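Hi,

Here is the structure I promised to send over.

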Amino acid sequence: MEAVNNNLLRALQPQDRESLSRSLTFVELASGDMLYDPGDLIEQCFFPCDAAIASFHVVTAEGEAIETALIGREGALGGIVSHGSLPAFARAVVVQGGTFAKVPLATLEALKRERLAVDRLFTRYADCFIAQTFQSVACNAIHSAEQRAARWLCGSLDRTAGNTIRITQEQLAALLGVGRAYISRVLQSFRQRGLIALHRGGLTITDEAGLRRLSCDCDALVRDHFDRVLRGVYPD
């Protein structure tokens with residue numbers, strides 16, 4: 001378990017990590033892979049490892065999917081805020097491919113019932129996840145597409161520990177709920193200011209400090225809450 005680069009799993013007590021490790025398996029998932037769709041029965045809990053990232057999308061009646069939360073090695077997807085089997089409300093999809101640890105949800109729930117420390121850890125994470133979702137709703141309502149794009153890129157940078165992000169302009173536009181032409185203008189503006197370099201299939205952040213100054217403070221507020229509730233779990 002020590003080799004698993006997921007901060008939430010590493011926050012478990014050693015004996016609890018050992019118990020959970022017996023049921024963990026590892027899968028390599030690619031960008032765009034679906035973990036589950038609305039209405040699917042959630043049977044597995046996924047933990048992004050290393051630079052892997054997934055996100056939750058709310059799917060509208062028109063078929064649009066708007067991102068509500070980005071999850072990297074600080075967290076998990078699938079049944080965290082519930083107890084037992086349940087249908088998925090939001091779509092969960094891989095944003096940046098990589099290694100995911102997974103465990104049957106029934107196994108995780110059994111361990112939470114047996115070990116109070118495990119239950120408390122995941123309850124605290126659920127609180128952080130809900131705070132992140134709340135902040136995302138506020139951000140989408142009041143901040144500009146430019147601020148939100150900068151925020152998204154900085155959030156990805158925190159989780160990947162690298163300055164290159166594999167995402168197309170179409171994908172980023174869909175995640176932010178804006179038109180592709182609009183996000184293209186935003187990214188071109190970033191490029192002209194020396195904040196990013198654009199290339200086929202992604203971009204490279206060339207001025208992290210400048211991009212963070214342009215971003216809204218939503219990620220900083222989420223990080224502060226994580227640090228109060230689960231210090232050391234949110235990516236540095």
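To start with, what percentage of the 236 residues of the chain count as buried? The answer is 50%. Bear in mind that this is a predicted model, and the values here are computed from it.

On the overall fold, there are nine helices and 10 strands in the chain. A compact globule of 236 residues would have a radius of gyration near 18 Å, and the chain comes out at 18 Å, so the two agree.

Contacts next. Taking those with a separation of 6 or more, 74% are between residues 24 or more positions apart.

Then the surface and the charges. The chain has an accessible surface of about 10,800 Å², and carbon and sulfur atoms make up 51% of that. As for charged side chains, I have 25 positive and 27 negative, with the centres of the two sets 3 Å apart.

One residue I looked at in detail is T68, which sits in strand β5, residues 65–71. Is T68 buried or exposed? T68 has a relative accessible area of 19%, so it counts as buried, the cut-off being under 20%. Leaving out residues up to four places away in sequence, T68 touches F56, H57 and V58, along with T133 and S136.

That's what I have so far.

Cheers

Conventions:
Residues numbered from 1 in each chain as written. Predicted model: local features only at pLDDT ≥ 70, side-chain atom pairs only at ≥ 80, totals over all residues. Heavy atoms only, no water. Helix = DSSP H or I, 4+ residues; strand = E, 2+ residues; numbered from the N terminus. Rg over C-alpha atoms; globule rule 2.2 N^0.38 Å. Buried < 20%, exposed > 50% of the residue type's maximum accessible area, 1.4 Å probe, protein only. Contact = heavy atoms within 4.5 Å. Areas by Shrake-Rupley, 256 points an atom, 1.4 Å probe, with all protein chains shown as cover. Lys, Arg positive; Asp, Glu negative; His and termini not counted. Charge placed at Lys NZ, Arg CZ, Asp CG, Glu CD.
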